[in-house]
Amino acid sequence: MPLTEILSSVKKKENGIKISLKRGSAKTLRPAKKENGVKISLKRGRKTNVKEIPRGLPYKSTIDGAARGRGQGRVYSTVLEENDDSTLDESSNMLQDLPSDTLLLLQSIQQSQQCLYVPLKRNGSRLVPAVLESQLYSKLDASDTGDSIATQELHDLAEENKIRRLVPVNCQDLVAWMETKHYISAVIDANEYGSSNETSASSSKENQMSSKVISWFLENLSKWTKQTISKEALKQEWSMKGGHGLDQGINVLIKRQVLLPYKTNTFLFWLPHWGTVLSSITEAQNKVLAHIKRSHYKELAVKKIESSHYTGGLSGSFVLHTLEAQGKIQVVTRPSGRFAKLPKV
């Protein structure tokens, strides 16, 4: 139920609690210290504390019309009954359930040609989307405040098990984020692919064991929201019976390429094909950079980058955007078109 409907449905009362929603920036509604933001003022005949709407409230979901650029400083007000705590709780819960700006941005990139797609093992024609961390930051506010808000939102979304962070070893430029539902699909596919390739009599029991371990892993995934997981953390949740030890379970997860050994008794969350995808990104970026360096004017037409074919089926738009987001190229616009060149040192 939209917030505007919640507010309009509540009876007005002269001596009640007044709620005022003020319009924020054209981009999003955010709490602010001064006039620019969204706040709920609780008044009961005298000044009381001010409670802020949770950060990340989508602008479009709150004020119709203003999201399309109509109306400046528009205010929506109503009065809640003084003892109507249930209405306040319901409104607060609905606000908390609204997606954050960062999640909406991630989903938006996933639906564009700038998205990174990871092929599944069992069905290579199916792909699961991911977004590089540098892509997210490049589209958000470039200020320190914007970066800190995005970082906090990413952390919160990970803690809620809505997204997963995939971190390659010693390569921060290729850190990626993926919605948890897509990560789960890839894990299930990895197990099905592994099981389909093991058809011997002895493998039948191993496949049964593998399916149980994968099921256990996914059931407990919400408890492991960091980019790495320790053997001790796995041990705390280990509940397999029938003589199956934790070491056997870890071996299954490594064999299915769901976990990658990282440090002593520590593992990275991983996926089949993920290493290949990362290599393809590096190769594609190096290809573009080499072309720019070899060109006479030390620049390359954006159209040429976008229309070129790259290893792993990467789109030209993705390669261009990641290079620009990581500061490896600059895009300039001239009367004859847009061109990519190396940044000034």
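Trainee: Let me start with one side chain: is Asp173 buried, exposed or partly exposed?
Mentor: Buried means under 20% relative accessible area and exposed over 50%, with partly exposed in between (1.4 Å probe, protein chains only). Asp173 has a relative accessible area of 36%, so this residue is partly exposed. Keep in mind that this is a predicted model, in which local features need pLDDT of at least 70 and side-chain atom pairs count only at pLDDT 80 or more, while totals for chains, interfaces and linings use all residues. Residues are numbered from 1 along each chain as its sequence is written, and side-chain values use heavy atoms, without hydrogens and water.

Trainee: Which residue forms a salt bridge with Asp173?
Mentor: A salt bridge needs a side-chain nitrogen of Lys or Arg within 4 Å of a carboxyl oxygen of Asp or Glu. For Asp173 the partner is Lys328, at 3.6 Å from N to O. Lys328 lies in the loop between helix H13 (316-325) and E13, and Asp173 in the loop between strand E7 (163-166) and strand E8 (176-179), so the pair ties together parts 155 residues apart in sequence. Those labels come from DSSP runs numbered from the N terminus: helices are H or I with at least four residues, strands are E with at least two. Lys328, at 26% relative accessibility, also counts as partly exposed.

Trainee: How many salt bridges does the structure hold?
Mentor: There are 8. Among them is the contact of Lys226 with Glu159, whose closest N and O atoms are 3.1 Å apart. Lys226 sits in the loop between helix H8 (201-219) and E9, while Glu159 belongs to helix H6 (residues 144-159), so this contact ties together parts 67 residues apart in sequence. Another joins Glu299 to Arg334, with 2.9 Å between the closest N and O atoms. Here strand E12 (residues 299-301) supplies Glu299 and strand E13 supplies Arg334, 35 residues apart. Glu299 is buried at 18% relative accessible area, whereas Arg334 is partly exposed at 34%.

Trainee: Which residue stands opposite Arg334 in E14?
Mentor: First the idea: strands of a sheet pair through backbone hydrogen bonds, either parallel or antiparallel. Two strands count as paired if DSSP finds at least two bridges between them. Arg334 stands opposite Gly337. E13 (residues 330-334) and E14 (residues 337-341) run antiparallel, joined by 5 bridges, and form a hairpin with 2 residues between them.

Trainee: What is the strand order in the open sheet of 3 strands?
Mentor: The order is E9-E11-E10, with antiparallel pairing. E9 (228-230) and E10 (259-263) are the edge strands, each pairing on one side only. E10 and E11 (residues 266-269) share 4 bridges, and Lys263 has Thr266 in E11 as its bridge partner.

Trainee: Now the rings: how many aromatic pairs are there?
Mentor: The structure holds 4. Rings of Phe, Tyr and Trp (its six-membered ring) pair if their centres lie within 6.5 Å; planes under 30 degrees apart are stacked, over 60 edge-to-face, and the rest tilted. Phe217 and Trp224 have ring centres 5.8 Å apart and planes at 40°, so they are tilted. Phe217 is buried at 0% relative accessible area, and Trp224 at 6%. Ring pairs link Trp216, Phe217, Trp224, Trp238 and Phe269 into a cluster.

Trainee: Where does the charged end of Arg164 sit?
Mentor: A charge sits over a ring if NZ of Lys or CZ of Arg is within 6 Å of the ring centre and within 35 degrees of the ring normal. The charged end of Arg164 is over the ring of Phe269, 4.7 Å from its centre. Arg164 also lies over the face of Tyr183, at 5.8 Å from the ring centre.
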